[in-house]
Amino acid sequence: MTTPLDFEYLNKYCERSITKMSDAEALAHISELIDNSHDASFERGAKRALYLLDELSKRKLAEKDSVLVEYFRANAWAARSHIVNTRQSWTWEAPERQAELLALSRASNHPGFTSLNKIRRCQILTNHANLLNLVGRSIDAVAVWDSALHIIPNFAMARGNRGNGLITYAGMVADDHARAILALHAFDSLHAATAKDALYDSVDSQAALSYFTNRATELTYAVNIDEVRKLQNLDRGNEGQSKAERAYRRWCLAHRLFLSPLNDLGPHLAAATDSLMLPPLIERFGDRPNEHLPPPIIGLFNQMKQEYVSARFTLFEGMSSEQVHFSDRDVALMDTLDYPLYSLASERVRTAFRVAYSLLDKVAFLVDRYWNLGKVPGRVSFKNVWMVESKARLLPQLEKRDNLPLRGLFWLSKELFDEQLKQTTAADARELHNIRNALEHTYLRVSEGWAKPFMIKETNNNDFGTAIGSDALEAKAIRVMQIARSALFYVSFAIGIEERRKRSMTPDQRIGSMPLFGLDDERKRRDPR
C-alpha cells in the first residue's frame, strides 16, 4: 500500500525538469515516473509523464528515441487507464485506451522501430497485441504476438499473453474441434511462458510466472490436453488436386486468408478450408410473419463468404500471373511515360480490393439488421453503423454492450476511418479508404512496381487521382482481404454471443428446430444440369 511518504516523494519527482537532461536521461526519468505512478495509482505522475513526453518530442531526437517516446507515451496512458479503472471497463470508447493504442501503433510502425534492440521491439509488439485483444480484436492480436515471437521465439510475455489471447479466441468459436485445438495451443503457449528457456524482460518475473501457470492449470480442467493433442493432426487436409490449386492453397495459408480459425495458428494444411458459419439462430414465430424460409441473414452471410473467397482467388490470380492474357491482346492503349500497368492481372488485383472492401459495408448492414440499430436504409456503412445519425457519437445501445467481438468490429473500423489511428498503422494498411474511393469513383494510377523508386515516393494524391506502385497495391489488397476476413469472423462470433444469451435467458422454453444442410459443390456450377 502506498504511504504518504511515497506520495511526497512522487510529488517531488514530478517537479523535476528535463530541460538540462540529455535525451537518454530524460527518457530514463520519464520511464521511472510512469512505473512509479502506475504502481502507486498516482494520476498526477502519469499526467506529468505525458506532458514531459510532449516536451521531449519537440527536440530533434534520434529515430530510436522517437520510438521510445511513443512507447513510453503508451505506458503512461496505460497507467492512467489503470488508475481511472477504464482498462477492464466495458465502455466501448475510452480516451485512455484509444490514446494508448495510437501510441503503440505509432511505435510499432515507426521507421526507427528496427533500430531498437530485440527485447524492446518485443515489448512494444506484445503490448500492442495485448491491447488489441483487450478491445476484442483477438484474431489480429495473435498475428502481432507471432511477430514478436518471430524476433525472439522464447520471449515469455509474448508466449504467455498469446496463450491468453487464444483462450479468448477459443471461447468465441462454436465448432468443438477448432475450439479444442485453439485451447491446446493456448495451453502450449502458456506452458512455454513458464519453461526454463523463457526470456523475461524484468528482474521480478514471479507474478507473471504464477499467473501463466495458473491459467494453464485452469485449462487442463476444461480440456483433455493429451487427447486433443492426439487428435489435432494439423498436417492433414486438402492440399489440392492440381499444381495451380496447391499453389493457391499454400498462398492462402501463408497469408492467413482461409476462413478457418486454425489458419491463425499458422500455415497448417488442416486450416485449408473455409469452415466459418453463422451459429444456430433463434426466432419467435411472429418475427417474420408469412415467411417460411430460413432467416435471410443466413443467405446474406453465404453471399458474403462467396464474395470473399472469389475475391481471394481473383487476387491470387492477379498476383501470380506471368503471361499476357489473350483478352489483353489488340487493346489499343497509350503509353503515358510513367510505366503504367494495364492488364487483366492488374484489374484482378483492383477488383479483389474493391470486393473485399465492399464486404465491410455488408458486414455493417448485417450488424444494423441483426441488432436493430435503426440506421437509414441505403446509408449504412462500416464507418457510420456504430454512430448516432450524422453525429460523431456512439449509439447509446452500444456504449457498454457486453459483446467482445462486436466491440472488436467497432475498433477494426477505427483502423480504417479514425483520422489519427489510420495514419499510424503499418504501411500496407494506410490510405485504404482513399484507394478504395479512387478505384470506385476517380482514378487510381498504378505504375509497375520496379519503377516505384523513380516515379512514386509513396501513395500520392493530387487533383487528378491517386498514384501507387503495383507492389504497394498488392500488399494493400492482401491487407484488405485480411481485414474482411477478421470482420466476417467477428460478426459471426458476435451473433453467437447474442444467440447464446437468448438461450440462457429462457432455459425452460421449448424451442423447435429447423435443420439446414450444406450446399453441395456440384450445385455451384453456373448452369447446373
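Helices here are DSSP runs of H or I with at least four residues, while strands are runs of E with at least two, and both are numbered from the N terminus. The model is a predicted one, in which local features need pLDDT of at least 70 and side-chain atom pairs count only at pLDDT 80 or more, whereas totals for chains, interfaces and linings use all residues. Residues are numbered from 1 along each chain as its sequence is written, and side-chain values use heavy atoms, with hydrogens and water left out.

Helix α4, which covers residues 63–84, has 22 residues and reaches 32 Å from its first C-alpha to its last, close to the 32 Å expected at 1.5 Å a residue; the expected span is 1.5 Å times one less than the number of residues. Of the 22 residues of α4, 16 are buried, which leaves this helix mostly covered; buried means under 20% relative accessible area, exposed means over 50%, and partly exposed lies in between, with a 1.4 Å probe and protein chains only. After α4 comes asparagine 85, whose phi is positive, near 65 degrees.

Alanine 79 lies in α4 and is buried, with a relative accessible area of 0%. Not counting residues up to four places away in sequence, alanine 79 touches Ile34, His38 and Ala46, where contact means heavy atoms within 4.5 Å. The C-alpha atoms of alanine 79 and alanine 46 are separated by 6.4 Å, although the two are 33 residues apart along the chain.

With neighbours within four places in sequence left aside, leucine 184 is in contact with Ile225, Val228, Arg229 and Gln232, while histidine 185 is in contact with Arg162, Leu166, Gln232, Leu234 and Leu265.

In soluble globular proteins, nonpolar side chains tend to be buried together. A nonpolar core is a set of buried Ala, Val, Leu, Ile, Met, Phe, Trp, Tyr and Cys residues joined through side-chain atoms within 4.5 Å. The largest such core has 155 residues, and those with the most contacts inside it are Val367, Phe382, Trp386 and Leu409; α18 gives the most to this core, with 16 residues. Leaving aside neighbours within four places in sequence, leucine 409 is in contact with Val363, Val367, Phe382, Trp386, Ala487, Tyr490 and Val491.

The axes of helix α7 (residues 138–151) and helix α18 (residues 470–505) come within 9 Å and cross at roughly 135 degrees. The contact is made by Ser138, Ile139 and Asp140 of α7 together with Arg479, Arg485, Ser486, Phe489, Tyr490 and Phe493 of α18.

**Helix α14 and two loop residues**

The 27 residues of helix α14 (residues 344–370) should span 39 Å at 1.5 Å a residue, and the end C-alpha atoms are 38 Å apart, which agrees. Aspartate 330 is found in the loop between α13 (296–320) and α14, and asparagine 372 lies in the loop between α14 and α15 (404–417).

| Residue | Phi | Relative accessibility |
|---|---|---|
| Aspartate 330 | positive, near 60 degrees | 84%, exposed |
| Asparagine 372 | positive, about 50 degrees | 64%, exposed |

How values were computed. Axes fitted to C-alpha atoms, helices over the stretch in contact; angles between N-to-C directions.
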